[in-house]
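Colleague: Could you take me through one part of this model closely, in plain terms? I'd like to follow along on the screen.

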Amino acid sequence: MDQDLVVRAQHGDQRAFESLTIACHPRLFRLAQGILGNPHLAEDATQQACLDIWRDIRRLRDPAKFEGWSYRILVHCCTREAKRRPKWLPEAEMQPADEPSVIDATDAILDRDQLERGFQRLPVDQRVVIVLHYLLDMTLEQVAETLDIPSGTVCSRLSRAMAAMRAALESDARPGVSTRVHGEVVR
Amino acid sequence: MSNEKLALVLRSWLKTRDVAPPDATQSAGRLMARLPQTRQRGRWWPLPIFGRASVVPPAIPDTEYQSTPIPATPIPATPIPATLMGGTHTMFSPVKAITAGALIFALGGAYLIAQPLDQQGGSVPGAAPDAEWAAVTATSECYLKTTGTEQLASPPYGLTDQVMACTDTASDPRVTGTSTIVLNVETWDPRQGNNNVTWNDYTLQGPEGTWAGHGYGLYDSEGVAHVVIIATGSGAYEGLTYTQSITVPAETAQADSIGLIQPGSPPPGFPVAPLPEPAAE
């Protein structure tokens with residue numbers, strides 16, 4: 001990340017901020033899409049995050065920490081976006097499967113719909129840890145640094161998220177068992 | 001299902017769910033259209049902006065400092081890690097307390113010495129004969145209106161003409177309104193406090209008149225500004241002086257002050273000179 005752009009944006013340079021936005025938009029969008037599972041919501045959250053970044057960039061004390069700081073702002077926007085969305089609407093938008101996945105090869109019971117339902121039941125703070133660790137391939141230490149939280153908190157969030165995902169998948173896999181989606185019981 | 005297998009499943013599923021981001025240039029274009037409606041929230045006082053090691057020339061020969069008439073702490077050859085700039089210290093420090101106290105007592109003492117109470121009433125033509133003093137508490141919320149000009153080439157480093165626009169809410173309606181501060185800082189090492197002075201031109205538009213004057217102060221090692229502003233009134237406030245002592249925490253756009261409105265003019269020695277004409281908007 002070009003720190004000079006950050007410093008210039010802190011001084012109100014809109015052109016510098018535009019360049020900064022173009023540079024950081026793809027990674028912010030990718031994280032938002034990972035958390036929300038819907039490209040339209042992800043774009044809304046990314047746009048709002050960029051606006052919040054512009055509004056608060058003067059409060060960023062160390063320009064070298066812009067990347068983690070911007071991730072945290074995005075996570076906050078994703079949380080708001082997730083809360084704003086009506087509970088009865090499906091949050092995830094299914095993408096066409098254009099290539100075989102490990103899932104298909106390992107276990108036919110597990111499909112993407114089950115995973116999506118289980119994932120969307122997680123609190124946003126647990127989804128973030130999963131996305132940063134498994135999609136963006138950050139180490140747990142990097143996740144802790146990015147989110148500015150202790151490593152122990154990252155581990156416990158990941159542990160709870162994995163347990164919840166496992167429970168959700170195993171629950172969904174049992175025939176005749178009702179499934180809870182966004183608090184609504186679906187049979 | 002083992003953790004390893006679940007991790008493998010999750011990793012694979014997340015990657016299949018990943019989609020290409022929209023065109024970043026178009027997204028940025030939509031964003032830029034919304035920027036004018038989004039006001040930047042900023043620190044009120046500029047020293048923390050000064051204080052980043054990244055904007056300071058990293059290698060300044062110590063000899064430049066040795067040749068200056070004012071003793072200063074030499075800047076290390078290697079930049080100070082930014083983590084040292086964090087606010088992890090306690091906000092209280094003896095140095096800060098002594099500095100703030102000394103500043104307030106010096107200004108207040110000079111005021112009293114220069115102008116005994118029994119002479120104040122008659123010193124300003126036009127002062128309301130029955131005017132009384134009023135103690136004031138106020139809160140100011142400010143944003144950066146115009147970025148000032150930085151001089152970072154050589155010490156003393158400087159910032160001039162940074163314009164702050166503020167909304168002042170006070171216990172006395174006469175000093176409740178909108179104020180403008182044109183701010184300057186001169187510092188010998190922008191990464192530290194206690195080696196700088198700050199001064200400003202100040203105007204406050206109250207409901208029935210205007211206050212205009214100047215402020216002086218310094219930043220301590222925590223980036224907290226301690227400033228005293230003395231302003232004289234015009235319009236309905238003609239013949240009154242408003243003195244404020246402001247403490248501005250770092251990393252905030254809000255500051256609290258205590259003040260005094262009193263009849264009479266500022267004491268001799270306080271330069272409440274006419275302010276420059278405001279630049280056209």
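What percentage of the contacts in chain B with a separation of 6 or more comes from residues 24 or more positions apart?

Modeller: Happy to! Residues 24 or more positions apart account for 61% of those contacts in chain B, a contact being two residues with C-beta atoms, placed from the backbone, within 7 Å. This is a predicted model, where local features need pLDDT of at least 70 and side-chain atom pairs 80 or more, while totals for chains, interfaces and linings use all residues. Residues are numbered from 1 along each chain as written, with chains lettered from A and ligands numbered from 1 in written order.

Chain B has six helices and nine strands, which are DSSP runs numbered from the N terminus (helices H or I, at least four residues; strands E, at least two). Where chain B meets chain A, 41 residues of chain B and 46 of chain A take part. On the chain B side, H1(B) gives the largest share, 13 residues.

Now look at H1(B), residues 3-17, against H7(A), residues 124-135: their axes come within 9 Å and cross at roughly 85 degrees. Axes are lines fitted to C-alpha atoms over the stretch in contact, with angles from 0 to 180 degrees between N-to-C directions. The two helices are therefore roughly perpendicular (65 to 115 degrees; under 35 is roughly parallel, over 145 roughly antiparallel, the rest oblique). Ile130(A), Val131(A), Tyr134(A) and Leu135(A) of H7(A) meet Ala7(B), Leu10(B), Arg11(B), Leu14(B) and Lys15(B) of H1(B).
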